[in-house]
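Reader: I'd like to learn how to read a few features off a model. Could you walk me through them?

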Amino acid sequence: MSDEDREMQRRARDFVDQELIPHEVEAEMAGGRLPPEVVEGHRRRARELGFGAITMPKELGGDGLTLFQQALVQEQIGRVTNGLGWVVHTPPAWLAAVATDHQIDTWVKPTIEGDRVECYAITEADAGSDVAAIKATARREGDEYVLDGEKWHVTSANLADHVFFEGVLTDGEHAGSHALFVVDLDSPGIRTVRTPAYSHTLADHHPILDFQGVRVPAANLIGAEGDGMRFVYEWFRYERLMIAARCCGAAERLIEEATAFAKERVAFGNPISEYQAIQFMLADSLTELWAARLMTYRTAQAMDEGADEKLQHAQCSLAKLYASEMANRVADRAVQVFGGRGYMRENVAERFYRELRVERIWEGTSEIQRVIIADQLFKRGVDALIG
Ligand SMILES: Cc1cc2nc3c(=O)[nH]c(=O)nc-3n(C[C@H](O)[C@H](O)[C@H](O)COP(=O)(O)OP(=O)(O)OC[C@H]3O[C@@H](n4cnc5c(N)ncnc54)[C@H](O)[C@@H]3O)c2cc1C
């Protein structure tokens, strides 16, 4: 870690510990929502600290962080519950390289400046892990595309103003392949089917959206026809690594809080930290956190060094699989250390116990990560992946 990396990590940690964590319980009790002026204050502070758009290059007004630095910041963001850390904005990094001038001016720059918010509509009722099985369509008509389909779990759609929509092309040279479009959410034909409740308590909801005959200019196509899956894979690589980083942050916070509690809580005349059963839960947690952190940091550094794309893909899966499963084990143990208090919503372990569960599901389930890792293992061997 360079001095600059270390300073950035400290800046992110102070922001999370001093400005975000104090609002967690208030958010939990209010359905994830904080007063608008508080959220705006957090957003403004994130931008002042250089965390406004950490994924985006400086030329476009982003923060220009290396992937390793992004992982350091995201690790700190992972320390806070209720999605309060999402004020650190992460627009898709791959977009900068493929967006047209019109797209840069209309969506990318305003998003970096904090004036627009995006969401992603890939998953469908019958296509989650198997992204290739989506049924939503994109049909070319003159200078427009017509989009149809129903999308599930569209995170942040209630707060966003545009959506990245993935559809199967119905005609033309690329018929049957996928294409990705940027679509303003107020376009005629987009309807919220319903907003299901989820385990966590976040201001960002995950509604089901219906797209019926939604017309968008051809200029809203991202990249070329047939590029859709390429962008999805790029997003997966990034987000899997950042999930690993956030899980490390969550586990660190849980271990700190459970350790402090164990030293103070007295049962049968002794602090529970003197009982081996409690010591072993915390020792296992710390050991696993260190392993996950090393995997995450090393993968981020390898990506900054320009590692081969397939290797990056496999290592992001290794890090995401291990770190997300580790954080869930740590949260389970932390609840146990806190005893009855660990089952109260005002307790950090209770909130993380619910919130971390999805880390083993979204951006590819643990099973899908194992499928990717095994596939690469058989094709390339042990040394190529972790040598
Ligand atoms: C809170 C939340 C937010 C989300 N946000 C978004 C979003 O913003 N945009 C978006 O597009 N999507 C989003 N998703 C969708 C998410 O990415 C999918 O839920 C995830 O990829 C799993 O797909 P699925 O739910 O359809 O499960 P399925 O694919 O139906 O899987 C069900 C089970 O089968 C297993 N399985 C499937 N295939 C295999 C296999 N080949 N081998 C072994 N096991 C297998 C899975 O691991 C899982 O255990 C979100 C989901 C959640 C829960």
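Author: Helices (H or I, at least four residues) and strands (E, at least two) are DSSP runs, numbered from the N terminus, and two strands pair if DSSP finds at least two bridges between them. This is a predicted model, where local features need pLDDT of at least 70, side-chain atom pairs count only at pLDDT 80 or more, and totals for chains, interfaces and linings use all residues. Residues are numbered from 1 along each chain as its sequence is written, and side-chain values use heavy atoms, with hydrogens and water left out.

Reader: Okay, which residue takes a positive phi in the hairpin of strand 2 and strand 3?

Author: That's glycine 142, with a phi near 60°, in a hairpin that has two residues between the strands. Strand 2 (residues 137-141) and strand 3 (residues 144-151) run antiparallel, joined by five bridges. Look for alanine 138 opposite leucine 147 of strand 3.

Reader: How many bridges pair strand 3 with strand 7?

Author: Seven, again in the antiparallel sense, with strand 7 covering residues 208-217. Glycine 149 has phenylalanine 211 of strand 7 as its bridge partner.

Reader: Now helices. Which residues of helix 6 are buried?

Author: The general idea: an α-helix has 3.6 residues a turn, so residues three or four places apart point the same way. Buried means under 20% relative accessible area, exposed over 50%, partly exposed in between (1.4 Å probe, protein chains only). In helix 6 (residues 101-112), the buried ones are Gln103, Ile104, Trp107, Val108, Pro110, Thr111 and Ile112. They pack against helix 5 (93-98), strand 1 (118-121), strand 4 (162-169), strand 5 (178-184) and strand 8 (221-222); contact here means heavy atoms within 4.5 Å. After helix 6 comes glycine 114, with a positive phi near 90°.

Reader: Is histidine 162 buried or exposed?

Author: Buried, because its relative accessibility is 2%. Histidine 162 sits in strand 4, and its contacts beyond four places in sequence include Trp107, Thr111 and Glu118. Its side chain also makes a polar contact with the side chain of aspartate 161 at 2.7 Å (a pair of N or O atoms within 3.5 Å; within protein, one must be able to donate a hydrogen and the other to accept it, and residues adjacent in sequence count only if both atoms are side-chain atoms).

Reader: What about the second largest pocket: how much space lies in it?

Author: About 370 Å³. Of its 15 lining residues, the closest to the centre are Leu67, Ala93, Glu234, Met303 and Gln312. Helix 7 provides the largest share of the lining, four residues.

Key. 1 Å grid on protein atoms, 1.4 Å probe; cavity = no way out; pocket = protein on both sides within 12 Å on 5 of 7 lines; lining within 4 Å. Points joined across faces, edges and corners; volume = space filled by probe spheres on them.
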